[in-house]
Amino acid sequence: MSDFKSLIEGTPLLPILQPQSVEQAFNIAGAVHASGLRSIEVVRRTPVAAAAVTAIREAFPELLVGMGTVLNQEHVQEAVDAGSQFIISPTLSEKLLSALSDINIPYLPGTASPSDILLAVEAGLSEVKFFPASLSGGAAMLKNFSAIFPEVSLCPTGGISNSNLQEYSSLPNVFAVGGSWMIPKRCVASGDWQGVTAACALAQQQFTKDAA
């Protein structure tokens with residue numbers, strides 16, 4: 001199944017974190033939660049990703065927690081076992097789409113081109129990730145997609161910040177925006193969790209203003 005858009009409705013900003021430890025993930029999640037945001041993606045790029053998903057879900061049941069950088073059936077199962085409420089991949093293939101279609105949680109496959117989106121559409125999907133957004137044509141490319149694929153909604157990530165958030169959030173075919181800029185590396189490195197909260201809150205304010 002996949003109904004990612006409905007799952008994330010009401011919380012369309014998706015902070016992305018790459019924790020180096022479960023404790024760090026817990027602190028980041030607490031900071032995100034304090035900002036009022038209610039979704040968080042833990043990318044599968046460190047050995048603690050699965051444990052971090054489980055820990056965040058247990059500590060912050062109000063948060064929607066999912067795993068990103070999922071690339072194959074083994075990764076899909078790891079995400080499910082960790083308690084992920086959604087799964088996100090940076091790309092897609094017929095084999096990966098088959099593995100994702102067998103699970104009972106929403107998923108968002110990554111796309112970077114019209115051919116990628118067509119593959120997702122042929123698999124019965126109408127919601128995809130657009131990654132890396134800034135290197136794949138940015139907001140201008142998404143505008144073109146709205147004419148080619150009017151039934152498809154996208155969640156761009158990659159190269160997005162407060163300075164260009166409006167370019168994406170104002171597009172009618174964009175239903176959510178994700179990014180790591182909401183969790184500044186400098187704040188994580190120094191343990192400035194209030195700084196992370198402030199960054200998430202600022203992004204939320206900007207998104208709300210842009211969408212108004």
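These legends describe close-up views of a predicted model. Residues are numbered from 1 along each chain as its sequence is written, and side-chain values use heavy atoms, without hydrogens and water. Local features need pLDDT of at least 70, side-chain atom pairs count only at pLDDT 80 or more, and totals for chains, interfaces and linings use all residues.

**View A. The largest pocket is lined by 25 residues.** A pocket is an open set of points on a 1 Å grid over the protein atoms alone, where a 1.4 Å probe fits, with protein on both sides within 12 Å along at least five of seven lines; lining residues have an atom within 4 Å of a point. I16, Q18, R45, S180 and K185 lie nearest its centre. Elements giving two or more residues to the lining include β1 (13-17), α2 (22-35) and α9 (185-190). Helices (H or I, at least four residues) and strands (E, at least two) are DSSP runs, numbered from the N terminus.

View B. A disulfide is a pair of cysteine sulfur atoms within 2.5 Å. The sulfur of C155 is 15 Å from the closest cysteine sulfur, in C200, so a bond is out of reach. For C200, the nearest cysteine sulfur is that of C187, 9.6 Å away.

**View C. A cis peptide bond joins F131 and P132.** Omega is about -10 degrees. P132 is in the loop between β7 (127-130) and α7 (138-148). Most peptide bonds are trans.
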